[in-house]
Amino acid sequence: MCTSIQPIEWTADLKNQNFDGIVLVTRSHDALPCDLECLKAPLQDYSSVDSGLGEEVVVLKVPGLPGNRLVFASTGPLSRDYDDVRRFSDAAVSGIKRALKAGMQRPLLVCPPHKDYKNSTLVAALGALHALYMPLEVREWKVKPSDYKVCVLGLWAAQEAEGRRLVELAEALESGRLACRDIGGSDPERMAAPRVADYVQELFKNSPVTVEVVSNVKVLEKEYPCLAAVNRCADCVPRHQARVIKLQYCGEGPVQKTLMLVGKGITYDTGGADIKAGGFMAGMHRDKCGAAAVTGFFQILAKLQPKHLKVIGAMAMVRNSVGADCYVADELVVSRAGRRVRVGNTDAEGRMVMVDLLCEMKEKAVRETSPELFTIATLTGHAIRAMGPDYSIIMDNGPAHRNNNAAQWQKAGEALGDVFEVSSIRREDYDFHKGKSEYEDILQCNNLPSSATPRGHQTPAAFLIMAAGLDKHGVDSNTPLPYSHVDIAGSSGPFPGVPTGAPILAMATNYILSDSL
């Protein structure tokens, strides 16, 4: 299994013949720094015959440059109210795709620093690497002659220290995104729960990350009853049986902060008894991107090894199958926290598989140093309806809100273009999930799609808090616990297409790289 990223190397020499073409990503050739003066004249000549230069990617023949080729991918305007650093990654994606079309196998990406976007060069590099990702199945089936789309990706930097740091960060961050894409994007058989466990164990072999896999169905039923209810149907098929994958990293030195992450890992979502009819099932292998993001973040931890940080993760890998033994609406399930949950819709399985793991994290958190709890999930269609595609949504409980956690994630996301919107958990969200009769304490869900439900992406956070017993650890508690729910239904990536790796760049920025970006 190849889990190594696209090879990268840096150079300060624009004429380096180890490369076979240059991909220039910048606003305009007019503002190129003196280090890149040799690129200005051919672009000026081109603009004299085509006033549309900058509106689309172009390829120029430039004798003397590597491969005698220059690809110019303009970012477009960068100073308007709504422009952000994603202009650089978008341009790099377009530029690299054009370079591949031109036959380049050793492209040199050149993105000069920008005064208003100090991470623009790294963001462009990450954009290029996104375009160069080769899906796991393509690598394993040897569809292509190599595991990489190009032999090497060059990154230009004016100074050695800058170049080395650029490669170090790009390699670490992309290694996390590669693991996230491999798990999140691969088909429901290749990444069925047992095979996800195999992948994760192999990935973290001989690394600072420890891995524990829980597979015994009796243990799952005892420790995670809500998860076990969803797993009940799939458990009849050995290759689809659930796994809880527990990860831990503890950096060198005294722990100053503890992150506790629960990721939704629905390997395939049929909807269960409330089946996804009318063609809405296609693409549901992507419902594991929350758990995939947990793996990806741990891979970045393994590469950068930050000090004073402890991270505990849990991946809830379950298939929501339909059949004679599937769980159904109206069932009563007692959560790990002792709350009687009435199932309202079996297609709301994501909250079910996470809630007992969140409860377990809550139990551990009271003994940890400065804990912060999170659930990360492709949870609701309402998230896409409310904020559109491409945006993650984060919402805090009371203690997390007092710590400005959501605002910090949003700010961190702006640095590398892993962008967030902030929502709030309100009293109506708690009221929505209160039991409607004396039979149950909590209603899991209504029987409408989230996209047709008012506050459809906020109410699940209230359910998770209530059913996990976190409502006993709010601002009015002697042991308040900060908890934030992250919905990545919109940001996880298009289908068909390649997963984005959201939100691990924002997480890495916030907790590992905050002093260096």
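Residues are numbered from 1 along each chain as its sequence is written, and side-chain values use heavy atoms, with hydrogens and water left out. In this predicted model, local features need pLDDT of at least 70 and side-chain atom pairs count only at pLDDT 80 or more, while totals for chains, interfaces and linings use all residues.

**View 1. The largest pocket holds about 1100 Å³ of space.** A pocket is an open set of points on a 1 Å grid over the protein atoms alone, with protein on both sides within 12 Å along at least five of seven lines; lining residues have an atom within 4 Å of a point. Grid points are joined across faces, edges and corners, and the volume is the space filled by probe spheres set on the points. The lining has 42 residues. Lys276, Met284, Asp347, Thr380 and Gly381 lie nearest the centre of this pocket. At least two lining residues come from each of β9 (257-269), α10 (349-365), α11 (381-387) and α15 (459-467). Helices (H or I, at least four residues) and strands (E, at least two) are DSSP runs, numbered from the N terminus. The lining splits into 16 nonpolar, 16 polar and ten charged residues. Here Ala, Val, Leu, Ile, Met, Phe, Trp, Tyr, Cys and Pro count as nonpolar, Asp, Glu, Lys and Arg as charged, and the others, Gly among them, as polar.

**View 2. The second largest pocket has a volume of about 760 Å³.** Its lining numbers 30 residues, with Ser89, Asp90, His130, Asp390 and Thr500 closest to the centre. Helices α2 and α3 are the elements that give two or more residues to this lining. By class, the lining of the second largest pocket has 14 nonpolar, nine polar and seven charged residues.

**View 3. Ser89 sits in helix α2 (residues 86-101).** Ser89 is buried, at a relative accessible area of 15%. Buried means under 20%, exposed over 50% and partly exposed in between (1.4 Å probe, protein chains only). A polar atom of the Ser89 side chain lies 3.0 Å from the backbone oxygen of Arg86. Leaving out residues up to four places away in sequence, Ser89 touches Val123, Ala124 and Gly127 (heavy atoms within 4.5 Å).

**View 4. The largest cavity has a volume of about 90 Å³.** A cavity is a set of grid points where a 1.4 Å probe fits but cannot get out. The whole structure has two cavities of 30 Å³ or more. Thirteen residues line the largest cavity, and Gln6, Leu132, Tyr133, Met134 and Leu178 lie nearest its centre. Helices α3 (120-132) and α5 (160-185) each give two or more residues to this lining. Seven lining residues of the largest cavity are nonpolar, two are polar and four are charged.

**View 5. The second largest cavity has a volume of about 30 Å³.** Leu109, Val110, Cys111, Thr121, Ala125, Leu155, Trp156 and Leu166 form the lining. Two or more of these residues come from each of β5 (107-110), α3 and β6 (153-156). Seven are nonpolar, one is polar and none is charged.

**View 6. The cysteines form zero disulfides (pairs of cysteine sulfur atoms within 2.5 Å).** The closest cysteine sulfur to that of Cys236 belongs to Cys233, at 5.9 Å, too far for a bond. Cys236 is exposed at 55% relative accessibility, whereas Cys250 is partly exposed at 44%.

Methods: Polar contact = N/O pair within 3.5 Å; in protein donor to acceptor, adjacent residues only side chain to side chain.
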